[in-house]
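Good morning, and thank you for coming. I would like to take you through one structure, beginning with a single residue and ending with the whole assembly.

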2 protein chains.
Amino acid sequence: MDLTGPGGAGAPSDQATIRRANLSLVLRQVSGSGPCSRSAVAAETGLNKNTVTSLVGELQARALVKEIGPRHAGAVGRPSLALVLDGAGVGALGVEVNVDYIAAYATDLAGRVLADRRVGFDALGRDPGRSIDKLAQVIGRTVADIGRLGVALAGITVAVPGLVDTSTGTVVVAPNLGWRLVPLADRLRCAAIAPDVPITVDNDANLAALAEYRCGVALGTANLIYLTGEVGVGCGIISGGRLLNGADGFAGEVGHIRVDPAGERCGCGRIGCWETKVGLAALVRMAAPDHAYGVGPPVVRDPEERLAEMEQQRAAGDPRVDAAITEVGRWLGVGAATLVNLFNPRVIVLGGYFAQLADRIIPVAQTELDQLSMRDAADRCRLTASDLGFGAASRGAAHVVIERVLSDPTTISIRNP
Amino acid sequence: MDLTGPGGAGAPSDQATIRRANLSLVLRQVSGSGPCSRSAVAAETGLNKNTVTSLVGELQARALVKEIGPRHAGAVGRPSLALVLDGAGVGALGVEVNVDYIAAYATDLAGRVLADRRVGFDALGRDPGRSIDKLAQVIGRTVADIGRLGVALAGITVAVPGLVDTSTGTVVVAPNLGWRLVPLADRLRCAAIAPDVPITVDNDANLAALAEYRCGVALGTANLIYLTGEVGVGCGIISGGRLLNGADGFAGEVGHIRVDPAGERCGCGRIGCWETKVGLAALVRMAAPDHAYGVGPPVVRDPEERLAEMEQQRAAGDPRVDAAITEVGRWLGVGAATLVNLFNPRVIVLGGYFAQLADRIIPVAQTELDQLSMRDAADRCRLTASDLGFGAASRGAAHVVIERVLSDPTTISIRNP
């Protein structure tokens with residue numbers, strides 16, 4: 001139930017606002033359906049045909065919608081022109097900065113991929129300033145590539161593994177990057193890599209959840225949770241088709257919920273955090289105590305390198321590897337059950353190393369989940385592996401930009417005739 | 001971020017819809033502010049003055065708004081008439097059915113209390129059919145009283161301690177009532193106690209959370225959690241000004257999240273559920289093992305009777321009572337920390353027996369919460385006691401009805417001139 005009523009937080013419904021809302025409604029309709037006639041749009045949206053014709057005219061002037069055809073409406077009757085999403089000239093750039101890589105992903109409004117690159121680097125080996133310089137450099141190169149394609153960027157969103165004040169684009173704290181109170185959006189604006197292009201910042205797991213909702217294995221599932229296994233455990237929650245933020249944008253901090261009062265001490269100083277049971281460090285510690293991460297700030301190594309080592313160890317007949325994976329699966333199910341009881345999601349999508357070990361982790365975790373969660377909700381929630389790999393957060397970030405255009409097409413300027 | 005964009009799930013913005021939205025906008029403005037002029041409403045809503053005048057006219061015709069005054073706008077100038085909420089002829093009835101009582105609470109749109117009664121009964125001593133007959137009887141009597149006041153009911157909402165399919169008004173399961181798959185809304189409609197009056201059903205903790213948000217100690221806090229201590233533990237979550245429902249309306253099932261893998265077996269058959277640490281049965285078991293509830297379906301006794309016994313026991317110098325309350329407070333904080341990490345609420349409002357023991361439970365729980373939850377969010381979340389007592393759910397239920405009227409004033413018919 002939306003307690004704020006229509007118009008969200010009592011937003012005024014003056015003529016300009018209504019026009020914007022209707023432009024958005026028509027643009028979403030065209031982008032959501034296949035090629036469709038103006039009458040079909042009118043029928044679907046409930047707007048009258050003349051209004052639709054006028055709105056479509058404006059969307060065409062903004063190069064967001066175009067006509068194809070003529071298609072014949074039927075055996076008889078005038079041929080009708082079909083509307084499709086244009087937006088080939090409008091680009092959306094999503095960037096993820098993580099401990100050991102920077103990923104950049106860009107599409108135009110119609111979904112054509114304009115850029116998709118991943119650059120390795122070591123965040124902990126640099127001070128925040130040098131990391132941001134590197135980030136700005138990667139963004140700058142991508143923006144230039146997009147420019148050469150004759151596409152105008154509608155926005156840039158950056159995904160960060162930490163707590164973000166989305167209103168100001170400030171990273172409050174990103175432990176694995178060693179960042180605290182970094183005004184990232186401002187810093188990138190100062191770098192002047194993309195003048196006049198809006199830059200926003202959000203939590204990486206939130207954006208990955210959005211990507212799963214928009215283009216992943218759980219496409220269109222209005223109640224889903226994205227869980228990613230890294231050195232830490234990240235979580236993004238979509239509830240009722242909305243990203244759950246909480247009072248300060250800090251919702252979904254699953255890594256440090258206590259799952260075992262008799263458990264080990266976590267890097268955060270608390271006892272029995274979920275991270276100490278299912279984080280990558282925990283897996284490695286159980287599988288190979290001799291090469292384990294220390295407590296406290298984790299030693300940063302490429303996760304895939306770690307997993308490759310473990311597979312060799314397993315191939316060499318070390319039984320601790322399978323035992324460790326089973327134990328992680330069990331505890332993954334325990335924590336997932338808490339999430340199912342509290343959020344009643346339909347799907348929990350697993351990313352990071354969870355996805356890479358999915359065939360061995362999921363069966364164990366699903367069994368535990370089904371036993372521990374309230375039946376009525378649990379038998380409707382399944383664990384599944386993400387297929388977006390390292391691209392999830394940057395894809396989600398690009399979708400945030402597209403979402404802004406769909407919500408307010410007037411942000412895209414009218415082309416000169 | 002609302003991923004469905006303006007207009008919610010792509011709702012059409014045709015003229016009728018826009019008119020409804022604007023009627024709602026003006027009605028909310030008048031109901032939210034003190035007496036105000038048409039110009040003030042225009043300024044606040046962003047609607048132009050002529051539109052406001054026309055909308056106010058319609059709201060007057062529906063007897064939802066009236067004029068008072070004349071007040072003098074200032075030292076000079078024409079006296080202006082002020083608008084206030086009328087709605088004295090429109091009633092909202094909220095009813096709560098619980099294990100040992102039925103509560104009914106009704107107000108008119110302007111907030112005047114029309115009915116407020118609580119009737120004791122024993123749900124477990126009756127089969128569902130007889131309980132529903134009793135419920136219908138209480139509702140019927142209240143509806144008659146409201147009718148005698150010359151007030152027309154806009155709707156009835158019933159609060160139930162269980163999992164509810166709100167779309168059909170079916171109680172999926174309410175363990176403490178012994179109900180399973182009860183089509184409550186239909187059954188009450190058949191009882192014909194209030195022909196043509198819409199009847200809806202929802203979870204009691206959800207409705208109590210709504211009451212706290214609308215008229216309780218956390219009035220207006222857009223991110224709050226309501227926790228109620230009974231034989232079980234109930235929870236309602238308001239996130240971003242919305243009641244969190246999840247995929248099946250089962251979100252917030254906190255009672256059976258596992259907080260202690262080495263804990264006791266719960267009535268549900270699982271191990272270490274939060275309910276086994278903070279439920280009323282757990283408190284009594286710790287304070288007075290000799291009078292403890294058994295495992296399995298709880299023996300139903302009036303909670304206040306239980307607490308009174310415990311106070312006597314304490315007065316008689318039994319140290320187990322204070323020890324038990326401290327232990328409950330500690331575990332309340334442990335579970336609350338999980339909620340804070342996952343939902344990032346600003347306030348957690350405590351109801352049921354938690355509220356009755358608040359001065360002894362909250363200090364212990366708050367300390368534990370601050371230690372266990374992620375600092376950035378935790379130092380912004382406080383535990384506080386509800387002051388709505390047994391009336392929370394029925395008040396929230398009445399607010400659901402009022403909310404529907406505010407969202408769509410056209411549901412109230414135009415009075416004959």
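Predicted model: local features only at pLDDT ≥ 70, side-chain atom pairs only at ≥ 80, totals over all residues.

Is A:Ala262 buried or exposed? Its relative accessibility is 69%, and exposed means over 50%, so A:Ala262 counts as exposed. For a sense of distance, consider A:Ala262 together with A:Val405: the two are 143 residues apart in sequence, and their C-alpha atoms are 50 Å apart in space.

Now please turn to chain B. There, B:Gly249 is placed in the loop between strand 13 (242–243) and helix 7 (275–278). With a relative accessibility of 18%, B:Gly249 counts as buried, because the limit for that word is under 20%. Which residues does B:Gly249 touch, if we leave out those up to four places away in sequence? They are A:Asn344 and B:Val164. B:Gly249 and B:Leu163 are 86 residues apart in sequence, yet from C-alpha to C-alpha they are 7.3 Å apart in space.

I come next to a point about the backbone. A:Ala63 has a positive value, with phi near 55°. A:Ala63 is found in the loop between helix 3 (49–61) and strand 1 (65–72) of chain A. With a relative accessible area of 13%, A:Ala63 is buried. In chain B, phi of B:Ala63 is likewise positive and near 55°. B:Ala63 lies in the loop between helix 3 (49–61) and strand 1 (65–72) of chain B, and B:Ala63 is buried at a relative accessible area of 12%.

Let us move to the aromatic rings. How many aromatic pairs does the structure hold over all chains? There are 5. One of them joins A:Tyr101 and A:Phe390 in an edge-to-face arrangement, with 5.2 Å from centre to centre and 85° between the planes. Where do these two residues sit in the chain? A:Tyr101 belongs to strand 4 (residues 101–108) of chain A, whereas A:Phe390 is in the loop between strand 15 (382–385) and helix 14 (392–407), so the pair ties together parts that are 289 residues apart in sequence.

B:Tyr353 counts as buried at 1% relative accessibility, and B:Phe354 counts as buried at 0%.

The ring of A:Tyr101 has a further neighbour. The charged end of A:Arg118 sits over that ring, 4.8 Å from its centre. In chain B, the charged end of B:Arg118 sits over the ring of B:Tyr101, also 4.8 Å from its centre.

The largest nonpolar core has 88 residues. Which of its members touch the most other members? They are A:Leu227 and B:Leu227. The residues that A:Leu227 touches, apart from those up to four places away in sequence, include A:Val233, A:Val254, A:Trp274, A:Leu332, A:Ile348 and A:Phe354. There is also a second, separate core of 37 residues, and among its members are B:Ala136, B:Val164, B:Val171 and B:Val197. You will recall B:Val164 as a residue that B:Gly249 touches.

Let me now step back to chain A as a whole. It has 14 helices and 15 strands. Of its 417 residues, 56% are buried. If we take the contacts in chain A between residues at least 6 apart in sequence, 61% of them join residues at least 24 apart. The chain exposes about 15900 Å², and carbon and sulfur atoms supply 52% of that area.

Finally, how do the chains relate to each other? A rotation of 180°, with 0.0 Å of shift along its axis, superposes chain A on chain B with an RMSD of 0.1 Å. The two copies are therefore related as by a two-fold rotation axis. Moreover, 100% of the interface residues of chain A are interface residues in chain B as well, so the copies meet through the same surface.

Thank you for your attention.

Key:
Residues numbered from 1 in each chain as written. Chains lettered and ligands numbered in written order. Heavy atoms only, no water. Core = buried A, V, L, I, M, F, W, Y, C linked by side-chain atoms within 4.5 Å. Buried < 20%, exposed > 50% of the residue type's maximum accessible area, 1.4 Å probe, protein only. Contact = heavy atoms within 4.5 Å. Least-squares fit on C-alpha atoms with pLDDT ≥ 70 in both. Helix = DSSP H or I, 4+ residues; strand = E, 2+ residues; numbered from the N terminus. Areas by Shrake-Rupley, 256 points an atom, 1.4 Å probe, with all protein chains shown as cover. Phe/Tyr/Trp six-rings, centres within 6.5 Å; stacked < 30°, edge-to-face > 60°. Lys NZ or Arg CZ within 6 Å of the ring centre and 35° of its normal.
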